[in-house]
Amino acid sequence: MSDPLRSLATALGAGNLSQAGTHARRVLAAGGRDVELPELLGALAAGLIGAGQPGQAREFVDALLQITPGSATAANLAGALAEGEGRGDEAIRWYREAHAANPGYRGALKNLARALRLQGDYAGAGPLARQLVAEAPEYAGAWLELGALEQALGRLAEASGCFEKALALEPDSTAARTGLAEILDWQGDTAGALRVLADAPAAADPEAHLLQARLIGRQDPAAGRTRVESLLAEPVTPWVGSRAGFVLGGLCERLGDYPAAFAAWQQANDLRRRSFDANAHWEFAARLEAAYAADDSKLPRNPDADPRPVFIVGMPRSGTSLLEQMLAAHPRIHAGGERPDIGRIAGILDWPGSELEISPQQLQSLAAQYLARLPCGDALRCTDKMPMNFQYLGLVAQLLPGARIIHCRRDPMDTGLSCFATDFADPALAFSDDLEQIGQFYLYYTRLMKHWLEVLDLPSFELDYEELVAEPEPLLRRLLEFLGLEWAPDCLHPERVERAVHTASHVQVRQPVYRHAVGRHRNFATYLGALREILESRRGDA
């Protein structure tokens, strides 16, 4: 092993990724092709991706792909890089390539199953996760992935069984304990979740430590705050530091320490500041306004007008989760949760731009696929509460002409603050990292919704969060009438509904309806000037 390569190996062994990167660049610049180089580059790239720094890993993944073309390891890392940067479809392609290059590579198969699951393709992920368990029942990672899939499908008993098997194989697996604890948390059993985590080596796993702090903070925000601050006192990755900052901010807010709360959220957002192009969003809105004008008679449509789909749209944090939880209490409604399918269909069709070329038969086929993944059973209405579907309502009108739209609205300042204070990992919500960007996105959203409501013939119902929490019964009665359903008193008690909720509001929707989130922004008025200025401009100057 050459001296530069030995320095690279030493830095990796010491966990100094920055120094390892410097040495790796020197080796590559010198044209090094030592036999040990691919393994070390792979370890460096994997370490950077795992540390939440996919951008810094890109050059080493590219080098590995050049040095070892056709390598399953290189393809797998390319998939992890794409996934870390939010390019889910590209990640799936790389993972498929890695699996094809080496069918026995467990990591590639597990990653492929996970990527499909995270894209909402449970039908594609299921056989792969079960194949992995069948081929490697002694592999804890296989049970972890199958457990995560069952969890996503709402089969919580099956998910718990998988996590328990993973824990039996690896008693120190904090991932398995965290999975079990999350299920108990989703079910409202905070005490049970804490018991599961009690024996976890949390100090060795910041994620488990953070989950413990969050759970403890439910009952004792001061104790939770102390635990998060102790975590942040130690060196952590930017990813963990950001997640911890969001938890800390929420705990400080509950304690009435609003300056500390906002400072924690600001730091959390600064640690993961992502790219957001406001101009691109305005251009996208203009394209949609041109494509979908008042006269849409030339637009092809699916000849089947299935009346079951109900799309709940609006800004994130506008009350969509609460509303769906209320509707889930109705015996004739199936709550589908946040589904990525419409956005994926838009990508398949290269939409917008293809709205005139799509055939009715193609729309019919895609709609059938969408409905197959939205298991309605004997329900008369099935909800899809992906808030960001507000961008795709023109496509929805062509794809599912029998659908109904529920538009959730909330005070823009409360909505903006709530977005800023929420740990959104989804790259599509990158606007939430900055107050000015939130303002720009809010104006983009209102512009599009105004257009859709003017030109589309889809039945729509506009609902204000403030009215929903103040006087829920009259509003819900009108809404159920709009949906063609009879009144169900259980809709007034979302806290009694037993279902897995996977959104940032999963704790709130398990509580009786409350009003204290109305006017939340007033406690932070001093810090929200940038947001207020953009919103009051009524323009999207970017």
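Begin by selecting Thr68, which sits in the loop between helix H4 (54-67) and helix H5 (72-84). Helices are DSSP runs of H or I with at least four residues, strands are runs of E with at least two, and both are numbered from the N terminus. Setting aside residues up to four places away in sequence, Thr68 touches Pro38 and Ala74; contact here means heavy atoms within 4.5 Å. Thr68 has a relative accessible area of 19% and is therefore buried. The term buried stands for under 20% relative accessible area, exposed for over 50%, and partly exposed for values in between (1.4 Å probe, protein chains only). Now display the side chain of Thr68: one of its polar atoms lies 2.7 Å from the backbone oxygen of Leu64. A polar contact is a pair of N or O atoms within 3.5 Å; within protein, one must be able to donate a hydrogen and the other to accept it, and residues adjacent in sequence count only if both atoms are side-chain atoms.

The model on the screen is predicted: local features need pLDDT of at least 70, side-chain atom pairs count only at pLDDT 80 or more, and totals for chains, interfaces and linings use all residues. Residues are numbered from 1 along each chain as its sequence is written, and side-chain values use heavy atoms, with hydrogens and water left out.

**The whole chain**

Next, show the entire protein chain, whose secondary structure comes to 26 helices and five strands. Its radius of gyration is 24 Å, close to the 24 Å that the globule rule gives for 542 residues, so the chain is as compact as a globular protein of that length. This radius is taken over C-alpha atoms, and the rule is 2.2 Å times the number of residues to the power 0.38. The C-alpha trace spans about 75 × 55 × 50 Å along its principal axes. Of the 542 residues, 53% count as buried.

Two packed helices are described by the angle between their axes and the distance between the axes. Select helix H1 (residues 3-13) and helix H3 (residues 37-50), which pack at an angle of about 35° with their axes 11 Å apart. Axes are lines fitted to C-alpha atoms, for helices over the stretch in contact, and angles run from 0 to 180 degrees between N-to-C directions. Which residues of H1 meet H3? They are Leu5, Leu8, Ala9 and Leu12, and their partners in H3 are Leu37, Leu40, Ala43 and Leu44. By class, this contact of H1 with H3 has eight nonpolar, no polar and no charged residues. Ala, Val, Leu, Ile, Met, Phe, Trp, Tyr, Cys and Pro count as nonpolar, Asp, Glu, Lys and Arg as charged, and the others, Gly among them, as polar.

H2 contributes Leu17, Ala20, Gly21, Ala24, Val27 and Leu28, while H3 contributes Leu37, Leu41, Leu44, Gly47 and Leu48. The contact of H2 with H3 divides into nine nonpolar, two polar and no charged residues.

**Helix H11**

Move to helix H11 (residues 174-186) and select Leu180. Leu180 counts as buried because its relative accessibility is 10%. Apart from its neighbours within four places in sequence, Leu180 is in contact with Ser160, Phe163, Glu164, Leu167 and Val196. Glu182 is also found in H11. Is Glu182 buried or partly exposed? It is partly exposed, with a relative accessible area of 28%. Not counting residues up to four places away in sequence, Glu182 touches Gln151 and Leu211.

Select Glu324 in helix H18 (residues 320-328). Glu324 is buried, with a relative accessible area of 2%, and its side chain reaches the backbone nitrogen of Gly336 at 3.4 Å.

In helix H19 (residues 341-348), the buried residues include Asp341, Ile342 and Arg344. The buried residues of H19 pack against strand E1 (309-314), helix H20 (360-372), strand E3 (381-384) and helix H21 (393-399). Just after H19, Asp350 takes a positive phi of about 55°.

**Helix H22**

Finally, select helix H22 (residues 412-420), where eight of the nine residues are buried. Those buried residues pack against helix H15 (238-254), helix H16 (258-271), helix H23 (435-455) and helix H26 (529-537). At the start of H22, a side-chain oxygen of Asp411 comes to within 2.9 Å of the backbone nitrogen of Met413.
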